[in-house]
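Here's a walk through a chain, taken one region at a time.

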Amino acid sequence: MGVDEVPMDDKAKRMRDLLSSFYAPDPSVSADAPSKSAPLDAINTGSFDADQYMNFLVQKSSLEGLLQRHVEMAAEIKNLDTDLQMLVYENYNKFISATDTIKRMNNNIVGMETNMEQLLDKIKSVQSRSDGVNSSLFEKREHIEKLHRTRNLLRKVQFIYDLPARLGKCIKSEVYADAVRFYTGAMPIFKAYGDSSFQDCKRASEEAVAIIIKNLQGKLFSDSESIQARAEAAVLLKKLDFPVDTLKVKLLEKLEQSLGDLQLKDEDISYYLLKSNDPSKLEKNPESVLATAHEASVREFVEAVRAYRVIFPDSEKQLIKLAQALVTMNFGTAEQYGKKRIRSADLLCVLRIIWRDVLLMDEALPEAVLSEFSLQAAQITVKHYVASRYSHLLQDISDALTKVYVGQKEGVEEHPLQVALEGSKKAVLQGSMDVLLDFRQLLDEDLGLLVKLKDLIIDWVQEGFQDFFRALDDQFLLLSGRNNSSGQIHGLMEGAQGDKVRAGLVLVLAQLSVFIEQTAIPRITEEIAASFSGGGARGYENGPAFVPGEICRIFRSAGEKLLHHYINMRNQKISVLLRKRFTTPNWVKHKEPREVHMFVDLFLQELEAIENEVKQILPQGLIRRHHRTDSNGSTTSSRSNPLREDKLSRSNTQRARSQLLETHLAKLFKQKVEIFTKVEYTQESVITTTVKLSLKSFQEFVRLQTFNRSGFQQIQLDIHYLRTPVRDAVEDEAAIDFLLDEVIVAASERCLDPIPLEPPILDKLIQAKLAKTKEKNPISQ
C-alpha cells in the first residue's frame with residue numbers, strides 16, 4: 001500500500017510470530033525473511049544460529065550476566081508456552097462452535113428447495129391473472145381518465161366564466177384577499193386564451209380588479225384603518241403586480257405618524273399598575289380598554305413591520321429607525337413618569353411594558369438589536385429615577401424644616417422647633433431607609449434590562465447618597481441664610497418674627513447636622529454595605545462612590561458653623577438693642593436714674609427666647625456649674641471692693657480717683673478667668689456663650705460713650721439688676737460676674753464724675769422694678 005507499518009513492541013511481534021508459526025504449513029513462512037545483516041542476538045528470526053549466539057554471549061558477558069540472561073530466557077520460554085497453550089485452547093473452542101453451526105444449517109436447509117418451487121409457481125399464477133384483468137379493463141380506464149380530464153377542464157372554464165361575478169361579490173363584502181386569490185389563479189388562462197375564447201371574461205375581470213386596486217389604495221392611505229389592515233392591502237396590491245415600490249415613502253410616513261398612537265400613555269401605565277395591584281378592579285375600570293388597545297396596537301405595528309419587510313425588502317433601515325424611535329419615546333415617557341413621587345414597583349411595571357414591546361419588535365426585526373438599544377435608554381431612565389428619589393428626599397427634609405415657619409405663624413405648635421427637629425430627623429433616617437428599600441427592589445428584579453444594570457445601579461445609589469448629603473449641606477446653608485441665595489426663602493421670613501424663626505431654624509439645622517453625623521450616616525453605611533455592596537462599574541481608579549468619612553466631616557463642620565451662626569445671629573439682635581440704647585440718649589446730659597431702663601427688659605426677653613429655643617433642641621450639659629465661690633481669686637470689679645465702700649464719704653474727686661486706682665490694682669491681683677471657651681451642643685454652653693458675647697458687646701458700646709454721673713449710675717443700676725437673672729441662666733457665673741463688673745469699670749473709666757449710687761438707693765430702685773415686674777407677670781413670678 002505504500003504506507004509504513006506501525007512499529008510494534010517485542011511482545012506484539014512475538015505474538016504475531018506465534019500465530020504465524022501455528023497457522024502456516026511451512027515454518028519458514030512465519031519467520032521474517034533471513035537477512036545477511038541480521039544481528040547475532042536476533043533470536044526470533046529464521047536465520048538464528050544458536051551456537052554462534054552462545055559463543056557471542058560467552059565472549060561478551062560475565063558469569064553473572066550469563067546467569068541473568070538464563071533466568072530471563074527461562075521466563076520468556078515459560079510465557080511463550082503459556083501463550084501458545086491459550087491460543088490452542090481458544091481456537092479449539094472456536095472450531096467446535098463452527099462445526100456445530102454448520103451441522104444446524106444442514107439440518108435446516110433440508111426441504112427448503114421444495115417450498116421455494118411451490119412459491120414460484122403461485123407467483124406466476126397471480127401474475128398471469130393480473131395481466132388478464134389489466135387487459136380487460138384497459139379501454140374502460142382510458143375512457144374514465146379522459147372524462148375526468150374533461151370534467152376538470154369544464155370546471156376551470158366555468159370558474160373563468162363565473163370569475164367576474166365572484167369578484168363582484170368579493171368587492172361588495174370587501175373580502176379582497178379572496179378576490180386577489182381568485183384572479184391570480186385565473187391569470188395563466190387569461191394569458192393563454194384571454195384574447196380569443198375568454199375575451200369578455202377577461203375584460204370584466206380586469207374592470208373588477210381595477211375597482212379592487214382602487215379600494216385597496218384607499219384602504220392603504222386611510223387613517224381610520226389599522227396598521228395591519230394597511231399592510232395587508234399593500235401585500236394584496238403587490239400580488240396584483242401593482243408597483244407598490246412607488247408608495248413606499250408614503251407608507252413609511254404613515255407608519256411613522258402612527259408612532260404617536262403607539263407611545264405609552266398615562267392611562268396605559270395606570271391600567272398596568274391597577275392590574276399588578278388588584279386584578280379584580282380591571283372589569284370596573286374603563287381604562288383597561290385603553291391599555292388593551294395599546295397592547296393590540298403594538299402587535300399590529302409588529303405585524304406591519306413583518307409585512308413591510310416582505311413588501312419592501314430594502315426598507316430595513318427605515319423600519320429600524322422607526323422601531324428605535326418608538327422605544328426612545330416609550331423610555332422618555334418612563335423617564336418623565338419616574339420623576340414623579342412613585343415607588344420602584346411602579347417604575348418596574350412601566351419597564352416591563354416597554355420590555356415586552358421590545359421583545360415583540362425584536363422578533364420581527366432582529367437586525368435592529370432593540371434589546372441592546374433599550375439597554376442604553378433604560379440606563380438613562382433608571383439613573384434619572386434614582387436622582388429624582390434623592391431630590392424628593394431632599395424636598396421632604398426641607399418641608400419638615402420649614403414647619404418651623406408654619407408653626408410660628410399659625411401659633412398652633414407649642415414647641416415648633418422640637419417638632420421640626422423630630423420631623424427632620426425622621427425624614428432623614430426613615431426617608432433614607434425607604435429610599436434604599438426602594439432601590440433594593442430594582443436589584444432584586446429579574447427583568448433582563450435591570451440584570452445588566454445591577455453594577456451601575458449600585459454605583460448610582462452610592463454616588464447618589466454622596467451627592468445627596470452634599471446637596472443637603474448646601475440646603476442647610478441656604479436655609480440658614482449663610483449664602484447669597486437666601487432670597488429663595490425670603491418669602492418665609494417677614495419682619496422681626498421671621499428673623500426670630502430663622503435663628504431657631506439655624507439651631508435646628510445645627511442639631512440635625514450632629515444627628516446626621518452620629519446616627520444617620522452610620523446606619524446608612526451599614527445598610528449600603530449589606531444590600532448594595534459590589535458595583536465598580538465606574539472604575540476603581542475613581543475611588544469609592546460613597547465615602548461616609550467625608551460626609552461625617554462635612555456635617556461635623558457644618559454643625560459647628562451653624563451653632564456659631566446661631567449664636568452670632570442672636571448676638572446681632574442684642575447688638576441692635578445695644579446700639580439703639582447707647583445712640584439714642586445724650587449720656588453727658590443724662591438725668592438722674594429713677595428706674596431700671598426698658599432696655600433691660602428687652603435684653604431679658606431675648607435671653608428668654610434663647611432659653612426657650614435651646615431647651616427645645618439641645619440637651620442639658622453634664623458640666624458642673626462654675627459658681628463665683630469656685631474661684632480662688634477675686635473676679636469682682638472695683639464697685640464691689642470693700643475698700644471702695646469704706647471711702648464713700650470722701651469727696652467726689654478723691655472718690656473717683658480712688659476707684660480708678662483700686663480698679664487697676666484689683667486687675668493686677670485677679671485670677672485670670674477664661675472668658676470664651678469652646679461651644680458645646682448643650683443648653684448651658686450656648687446660652688453662656690451668647691450672654692458672654694452680649695456683655696462683651698455691652699462693654700464695647702460703653703467704651704464708645706462719655707457719661708456724666710447720672711449716666712454712669714444708670715449703667716450701674718441696669719447691670720446690678722441684670723446680675724441675678726443672667727447668673728441664673730448661665731453655667732459659668734464667675735466669667736459672667738467678671739464681664740458685668742467690666743461693664744461698670746468701663747463706664748466708670750468713661751465717666752466725667754464716676755460717683756456710684758448709694759447701696760440703699762440701688763436696692764430700693766431694684767426692689768421697685770421687681771415689684772412692678774411681678775404685677776405685670778404674676779404667674780411667671
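At what angle do helix H26 and helix H27 pack, and how far apart are their axes? What you're looking at is a predicted model, and in it H26 (residues 709-729) and H27 (residues 733-749) pack at an angle of about 175°, with axes 10 Å apart. Angles over 145 degrees count as roughly antiparallel, so H26 is roughly antiparallel to H27. From H26, the contact uses Phe712, Ile715, Ile719, Arg723, Val726 and Arg727. H27 answers with a list that includes Glu733, Ile736, Asp737, Leu740 and Asp741. Some of those names come up again when you look at charge: Arg723, Arg727, Glu733, Asp737 and Asp741 are linked in a network of salt bridges.

Side chains of opposite charge can pair when their charged atoms come close. Searching the whole structure turns up 28 salt bridges, and a few are worth a stop. Start with Glu445 and Arg352, whose side chains meet at 3.0 Å, N to O. This pair links distant parts of the chain, 93 residues apart: Glu445 sits in the loop between helix H17 (416-444) and helix H18 (448-452), while Arg352 belongs to helix H14 (residues 344-364). Is Glu445 buried or exposed? Glu445 counts as buried because its relative accessibility is 14%, and buried means under 20%.

Next, hop over to Arg470 and Glu550, which form a salt bridge at 2.9 Å, N to O. Here the partners are 80 residues apart, with Arg470 in helix H19 (residues 454-480) and Glu550 in helix H21 (residues 548-583). Arg470 is partly exposed at a relative accessible area of 34%, and Glu550 is partly exposed too, at 23% relative accessibility.

Helix H21 has a part in another pairing. Glu517 and Arg556 meet in a salt bridge at 2.9 Å, N to O. Glu517 lies in helix H20 (residues 495-531) and Arg556 in H21, so this bridge ties together parts 39 residues apart in sequence. Glu517 counts as buried, at 15% relative accessibility, whereas Arg556 is partly exposed, at 38% relative accessible area.

Met105, Ile109, Met112, Met116, Leu119 and Ile123 make up a nonpolar patch on the surface, with about 590 Å² of accessible area together. Helix H4 (63-109) and helix H5 (112-173) each supply at least two of its residues, and H5 gives the largest share, 4 residues. Ile123 is found in H5, and at 47% relative accessibility Ile123 counts as partly exposed.

Last, a look at the backbone. Most residues other than glycine have a negative phi. Which way does phi of Glu174 go, positive or negative? Phi of Glu174 is positive, near 60°. Glu174 lies in the loop between H5 and helix H6 (176-193), and counts as exposed because its relative accessibility is 55%. Val369 also has a positive phi, near 50°. You'll find Val369 in the loop between H14 and helix H15 (370-401), where Val369 counts as partly exposed at 39% relative accessibility.

Definitions and conventions: Residues numbered from 1 in each chain as written. Predicted model: local features only at pLDDT ≥ 70, side-chain atom pairs only at ≥ 80, totals over all residues. Heavy atoms only, no water. Patch = residues over 30% accessible without salt bridge, like charges linked within 9 Å, V, L, I, M, F, W, Y side chains within 5 Å. Areas by Shrake-Rupley, 256 points an atom, 1.4 Å probe, with all protein chains shown as cover. Salt bridge = Lys/Arg side-chain N within 4 Å of Asp/Glu carboxyl O. Buried < 20%, exposed > 50% of the residue type's maximum accessible area, 1.4 Å probe, protein only. Axes fitted to C-alpha atoms, helices over the stretch in contact; angles between N-to-C directions. Parallel < 35°, antiparallel > 145°, perpendicular 65-115°, else oblique. Contact = heavy atoms within 4.5 Å.
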